[in-house]
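This briefing covers selected features of the structure shown below. The points are grouped by topic.

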Amino acid sequence: MMKKYAKTHEWVQVEGKVATVGISNFAQDKLGDVVYVDLPQVGKVVKKGETLMSIESVKAASDVYAPVSGKVLQVNEKLNDQPELVNKDPEGEGWLVKIEMTNPNELNELLDEGAYKKHCEEEE
Amino acid sequence: MHPYIPHTDEEIQQMLHAIGVEHIDDLYKDVPITVKELKIPKGLDEFTVLSTLESIAQKNAVIEKKNIFMGAGIYSHYIPQVVESVSSRPEFVTAYTPYQAEVSQGTLQALFEYQTMICELTGMEVANSSMYDGASALAEAILMAHRINNKHKVLISQAVHPEYIQTSRTYTCAQKLSFQIVPLNGSGMTDTAVLKNSIDDDSCAVVIQYPNFFGIVEDLRAIKEVAKDLVFIVVAEPFALTVLEPPATFGADIVVGDGQPLGIPMSYGGPTVGFFATLEKHVRKMPGRLIGETTDVDGNKGYVMILQTREQHIRREKATSNICTNHALMAVRNAIFMGVLGPNGMKEVAYKSYSNAHYLAERIQQKGYKLIFDGPFFNEFAVRMTDDYDSKWRKIFQHGVLAPLPLGWYFNQYKDGALACATEVNTKESIDKFVELLGRDGI
């Protein structure tokens, strides 16, 4: 399975036409303790780069941008009661939503792990 | 250049250029009346201003409280002197939550107590530290309902205060929300059969007033049964809540109302304060300020503003609402008033209001007038008078009595109707006197 990153610190893991989306470990570390995950409604249609949802930490409420265009198929309901999963396991159990992609070509515009790592180092 | 605005002409030109506007007046062309057209007269000296205002103030008719039989959203109640003196303390006298809020522990604690009392009254889990008034609180509740389910159709009972409906329409006009008015049945309650048939996939919320505009106590359980998938918004009157089952019992999602009955003078209809309560699961969609209780590093109790991440000074255009303020002084007055009366005192006021209103209804009916609805009422009821009731109302006013509201002011179909109200401040004598006036020849 292919994993890619957006410059705005979301990750995408693709299986067929479905992309699982979360925020990177780097992003969760910058946010600090997550206290609330404002999940989008299932069925919401988003374009790449648009606001998908927001995550509230003790520091701020931050937007999560859609790394790919498509329709929200599923949201991680566990986060309603355990928002801290985003801190504990951001790239695993702390995933946010699954998106049915309308334009898989957009994946080519995202960074691979190596390029993303470099991007984070530049942001530090 | 204006002496207090430190922009040079050159800077102003640069800014206008950047936004593609030629002249500063172009920024105001959407405002229908400009300052130049206002024709404001020349300034006057202090003495002349005061005398002019005094002579205008002389025109106010002061009606004795016991002679007020008009409610319709603003109610006459007795306000103990201690409410006046405590709430006029300079530490409390501010319209808003203070800047550097945490330094103002007294204000925050008063607001925290206020929120707690509103939760107790409504039965809800969380209340904010107030809105501008009942009407704007309802408008905000509707916007919040839209945030909760992203749907667009609002089903609103015909027996919600007409001005609240108007305010809600104004607030939401840019939001693609539509309103459908749900009519009443013969008891004066919102018709649940019509409500049921009006619900579709895009229905967002149902709005019911409790007791409703015509004074009738709505069957909230029946409403919830037919509208269980909608956001359930209840507009409530605080004194009624002390004796009625609270809206939370029937599954309300948001309860709003006007806090004027709780220690705020009628004052020509304002300023008042709105209360706003909801369930914890909706709290992040809620507008307004929230005060929380916490402990500091030394373990001392302290009060802070919480969940500010929803608010516009943090989230800017992505804020939950553009309301991140409140009517702090009015809310504090509510808290002091409720604190002074206590739960039992408030119930006593409610029971006295109930029995006065029912005595008034009995006396009016003895004069041959009929109630418009047969549903149960609290301190207000609608009665059919005569087609010339509006002129009767004016004649009775000349006798120092504020008679029941002519319903024709708001509704064409109730042109001969009146909305009567009594509270604890009316007396048997004042009620008898009003009923005698009503039946007198020439009135």
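Which residues in α4(B) meet which residues in α11(B)? From α4(B) the residues are B:Thr107, B:Ala110, B:Leu111, B:Glu113, B:Tyr114 and B:Met117, and from α11(B) they are B:Ala328, B:Ala331, B:Val332, B:Asn334, B:Ala335 and B:Met338. The model is predicted.

**Helices α4 and α11 of chain B**

- Helix α4(B) spans residues 105–122, and helix α11(B) spans residues 328–366.
- Their axes come within 9 Å and cross at roughly 65 degrees.
- The crossing of α4(B) and α11(B) is left-handed.
- By class, the residues of this contact are nine nonpolar, two polar and one charged.

**Helices α5 and α6 of chain B**

- Helix α5(B), residues 134–149, packs with helix α6(B), residues 162–172, at an angle of about 50 degrees, and the axes are 8 Å apart.
- Because of that angle, α5(B) counts as oblique to α6(B).
- The crossing of α5(B) and α6(B) is right-handed.
- On the α5(B) side, the residues that meet α6(B) are B:Gly134, B:Ala135, B:Ser136, B:Leu138, B:Ala139, B:Ile142 and B:Leu143.
- On the α6(B) side, the residues that meet α5(B) are B:Glu163, B:Tyr164, B:Thr167, B:Ser168, B:Tyr171 and B:Thr172.
- The contact of α5(B) with α6(B) comprises seven nonpolar, five polar and one charged residue.

**Sheet in chain A**

- Chain A has an open sheet of three strands in the order β4-β6-β7, with antiparallel pairing.
- Strands β4 (34–38) and β7 (61–65) of chain A are the edge strands, each pairing on one side only.
- From one strand to the next, the twist averages 25 degrees.
- Strand β6 of chain A, residues 51–57, pairs with β7(A) in the antiparallel sense over five bridges.
- A:Met53 has A:Val64 in β7(A) as its bridge partner.

**Contact between the chains**

- Chain A contributes six residues to the contact, and chain B contributes four residues.
- The side of chain B that touches chain A has two polar and two charged residues, and no nonpolar residues.

Definitions and conventions:
Residues numbered from 1 in each chain as written. Chains lettered and ligands numbered in written order. Predicted model: local features only at pLDDT ≥ 70, side-chain atom pairs only at ≥ 80, totals over all residues. Contact = placed C-beta atoms within 7 Å. Nonpolar A, V, L, I, M, F, W, Y, C, P; charged D, E, K, R; others polar. Pairing = 2+ DSSP bridges. Helix = DSSP H or I, 4+ residues; strand = E, 2+ residues; numbered from the N terminus. Axes fitted to C-alpha atoms, helices over the stretch in contact; angles between N-to-C directions. Parallel < 35°, antiparallel > 145°, perpendicular 65-115°, else oblique. Left-handed = near helix turned anticlockwise from the far one by under 90°.
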